[in-house]
Amino acid sequence: MLYLASQSPRRRELLTRLGLAFDVLDIEVPERREAGESPLDYVRRVARDKAAAGLLRAGDGATVLAADTEVVLDQDVFGKPRDGDDAAAMLRRLSGRTHEVISVVTLASGGRTAEAVSVTEVSFAELDEAEILAYVAGGEPQGKAGAYAIQGRAEAFVRRLSGSYSGVMGLPLHETSRLLKDFGCWPEASAPRMEPVAR
């Protein structure tokens with residue numbers, strides 16, 4: 001049985017798009033970057049910790065999918081904002097800059113673990129103070145890494161994106177589907193059907 005170890009409704013929605021049956025494990029692990037830990041190593045560790053916690057909860061025979069996504073600018077990891085002031089401060093730093101969104105997906109079952117990494121570059125337009133305050137007041141930044149949701153109103157902030165849109169949302173579907181296939185968790189009957197293209 002496949003389990004998604006996540007509290008994120010966005011990850012649930014994205015995994016559903018792949019057409020696979022799964023159950024959800026509502027797990028929580030500490031998300032604190034250690035001294036000297038690179039942003040990528042931090043995201044990798046949190047994804048592994050989530051998968052391990054999911055395996056403990058699900059028991060024998062389970063396959064657990066977990067992921068972590070963080071916004072990175074100037075080697076600083078932008079987690080979820082503490083409050084509105086913190087969200088506004090993050091958006092001011094992201095304004096007019098190009099940042100990275102790192103998503104790591106970990107798949108674990110028994111003694112086997114595999115991972116996939118997605119790094120996406122996102123360029124924001126210059127945001128004026130009124131835009132930032134209006135966006136924060138709408139409540140969308142809460143619970144979102146980097147204080148924005150690309151699938152929401154913040155999509156209007158994005159001038160350019162290079163990489164995985166779904167990865168910025170929280171689960172890179174291309175990398176996730178390849179990982180599931182390599183792991184043997186992709187029955188042929190569940191694979192998306194491609195329509196023939198006329199030549």
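**Reading strand β3**

Guide: Let's start with a pairing: β1 (residues 2-5) runs parallel to β3, with three bridges between them. A strand here is a DSSP run of E, at least two residues long, numbered from the N terminus, and two strands pair if DSSP finds at least two bridges between them. This is a predicted model, where local features need pLDDT of at least 70, side-chain atom pairs count only at pLDDT 80 or more, and totals for chains, interfaces and linings use all residues. Residues are numbered from 1 along each chain as its sequence is written, and side-chain values use heavy atoms, leaving out hydrogens and water.

Visitor: Which residue of β3 stands opposite Tyr3?

Guide: Look for Val64.

Visitor: How many bridges join β3 to β5?

Guide: Nine, and β5 (residues 98-109) runs antiparallel to β3.

Visitor: In which sense do β3 and β4 pair?

Guide: Antiparallel, over three bridges, with β4 covering residues 76-78. Val71 has Phe78 as its bridge partner there. The hairpin of β3 and β4 has two residues between the strands, and Asp74 in that hairpin has a positive phi near 55°.

Visitor: Which residues sit on each side of β3?

Guide: In a regular strand, side chains alternate between the two faces of the sheet. Here Thr63, Leu65, Ala67, Thr69, Val71 and Leu73 lie on one side, with Val64, Ala66, Asp68, Glu70 and Val72 on the other.

Visitor: Are the residues of β3 buried or exposed?

Guide: Buried (under 20% relative accessible area with a 1.4 Å probe, protein chains only; exposed is over 50%, partly exposed in between). That goes for 11 of the 11 residues of β3, so the rest of the structure largely encloses it.

Technical notes. Helix = DSSP H or I, 4+ residues; strand = E, 2+ residues; numbered from the N terminus.
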